[in-house]
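Student: I'd like to learn how to read the packing in a model like this one. Could we go through it together?
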Amino acid sequence: MNQESARLNLLGLTQHQLQSLLAELGEKPFRAKQVMKWLHHRYLDDFQQMTDVSKKLRQYFEDHCVIKEPEVISEKVSIDGTRKWLLKSLSGSAIEMVFIPENDRGTLCVSSQVGCALDCKFCSTGKQGFNSDLIAAEIVGQLRLAQRDLKEVYPDRKRVVTNVVLMGMGEPLLNFDNVIAAVDIMMDDLGYGISKRKVTISTSGVVPGIKQLIETTDASLAISLHAPNDALRNQLVPINKKYPIAELLAACKAYAVNLGDKRTITVEYILLDKVNEQPKHAEQLAELLRGFPCKINLIPFNPFPGSGYRRPGSFAVKAFKERLVSAGYNVTVRTTRGEDIDAACGQLVGAVEDKTRRQAQYKKIAIGTIG
Ligand code: SAH
Ligand code: SF4
């Protein structure tokens, strides 16, 4: 480990963590608020410019800390305005981040890991295998970088990134502590002040992680269901063999109850031609989700070379949606954005150097040592 990477990256500290650090250094709690503002409101990266902070504290930061975001390797803009950044993580691997502008909002899709160990059959990130976790500073750093960059592109918008989804590369709940700290900073008014309803953690179904969310956060939750029965889900989303649908839905229900105030879970359902989009699948799904507080988001498959799957035609997508709507569900179909720059869901690849699928993360979760 070089000296730089051994330093504490202040971008990943929650207000609470920063307060504890400063208390150890004999500083008053309000200092943490001042430092948070320098970091996340004023985007400062030079400690010496923290003018309302004591010289002694500035020197401590100088000697022991860094303020470092991922580096931009390249940036592409789609004809529909979607932007994709290829970023260099602090460990040197490439990750991707996508911004999707709409009239009244802007959604930033951030990565939580370099690659992913879970090997869902339709996902190009999964095909790359797992390389490493991102640290909290790298996850928050993506939002920080995007906010600053985008302010120049949209000077008239008061807030450019209104929503954050952890739907880029990686499985957020297999990088629990870093993701939770990052989400905390994103939702903190002294961080980025994004509403809890507008920060969404998407998981393929890491049940112990969902249970642990209950005590940890009140961010929004999305689950990647993708199949209405265990036999089919075992094939498409292999983690289902470990945590089958009934367990997954029970954990989500408990999370939704804990959120209270009529908030629902988003159920993501990819549509793969001739695999999971037939009328019987829609009927099974309607049956399965009966009484479950959710909205359903259908995602027509985004193809990538060698995937072996196809996107169903728009008629089939519409028919699938209609069946669910007539069964009483709130259903949206995700519009494909940024396809010309490979920025659509599941097309995020980055460049994972170590292609081994490390099962260690799985084991860590299974014996309950996360968090
Ligand atoms: N690991 C998390 C979050 C990242 S994936 C998860 O699986 O939920 C974000 C979303 O993109 C998931 O719903 C995932 O299933 C979906 N996805 C993956 N590959 C896709 C593809 N090729 N086309 C469309 N959606 C895809
Ligand atoms: Fe990992 Fe999500 Fe892709 Fe599955 S869909 S391989 S969990 S990133």
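This is a predicted model: local features need pLDDT of at least 70, side-chain atom pairs count only at pLDDT 80 or more; totals for chains, interfaces and linings use all residues.

Student: How many bridges join strand S13 to S14?

Tutor: The general idea comes first: strands of a sheet pair through backbone hydrogen bonds, and the pairing can be parallel or antiparallel. Here, S13 (residues 294-300) and S14 are joined by three bridges, and the two strands run parallel.

Student: In what order do the ten strands of the open sheet come?

Tutor: Read across, the order is S3-S4-S5-S6-S9-S10-S11-S12-S13-S14, with mixed pairing. S3 (71-77) and S14 (331-333) are the edge strands, each pairing on one side only. From one strand to the next, the twist averages 20°.

Student: Which strands does helix H10 touch as it packs on the sheet?

Tutor: H10 (residues 245-259) touches S11 (220-224) and S12 (265-271). The direction of H10 makes about 170° with that of S11.

Student: Now helix against helix. At what angle do H11 and H12 pack?

Tutor: For H11 (residues 279-288) and H12 (residues 314-326) the angle is about 30°, and their axes are 9 Å apart. Angles under 35 degrees count as roughly parallel, so that is how H11 and H12 lie to each other. The crossing of H11 past H12 is right-handed.

Student: Which residues make that contact between H11 and H12?

Tutor: H11 brings Pro 279, His 281, Ala 282, Glu 283, Leu 285 and Ala 286, while H12 brings Phe 320, Arg 323 and Leu 324. By type, that contact has six nonpolar residues, one polar and two charged.

Student: What about H2 and H3: how do their axes cross?

Tutor: H2 (residues 15-24) and H3 (residues 30-41) have axes that come within 8 Å and cross at roughly 125°. That angle makes H2 oblique to H3. H2, too, passes its partner, H3, in a right-handed crossing. On the H2 side the contact uses Gln 15, Leu 18, Gln 19 and Leu 22; on the H3 side, Arg 31, Ala 32, Lys 33, Val 35 and Met 36. Sorted by type, the residues of this contact are five nonpolar, two polar and two charged.

Student: Zooming out, into which domains is the protein chain divided?

Tutor: The assignment gives domain 1 (8-66) and domain 2 (71-367). Their C-alpha centres lie 32 Å apart, and 16 residues of domain 1 are in contact with 16 residues of domain 2.

Methods: Residues are numbered from 1 along each chain as its sequence is written. Chains are lettered from A and ligands numbered from 1 in the order in which they are written. Side-chain values use heavy atoms; hydrogens and water are left out. Axes are lines fitted to C-alpha atoms, for helices over the stretch in contact, and angles run from 0 to 180 degrees between N-to-C directions. Helices (H or I, at least four residues) and strands (E, at least two) are DSSP runs, numbered from the N terminus. Angles under 35 degrees count as roughly parallel, over 145 as roughly antiparallel, 65 to 115 as roughly perpendicular and the rest as oblique. A crossing is left-handed if the near helix is turned anticlockwise from the far one by less than a right angle, and right-handed if clockwise. Contact means heavy atoms within 4.5 Å. Ala, Val, Leu, Ile, Met, Phe, Trp, Tyr, Cys and Pro count as nonpolar, Asp, Glu, Lys and Arg as charged, and the others, Gly among them, as polar. Two strands pair if DSSP finds at least two bridges between them. Domain bounds come from an automatic or database domain assignment.
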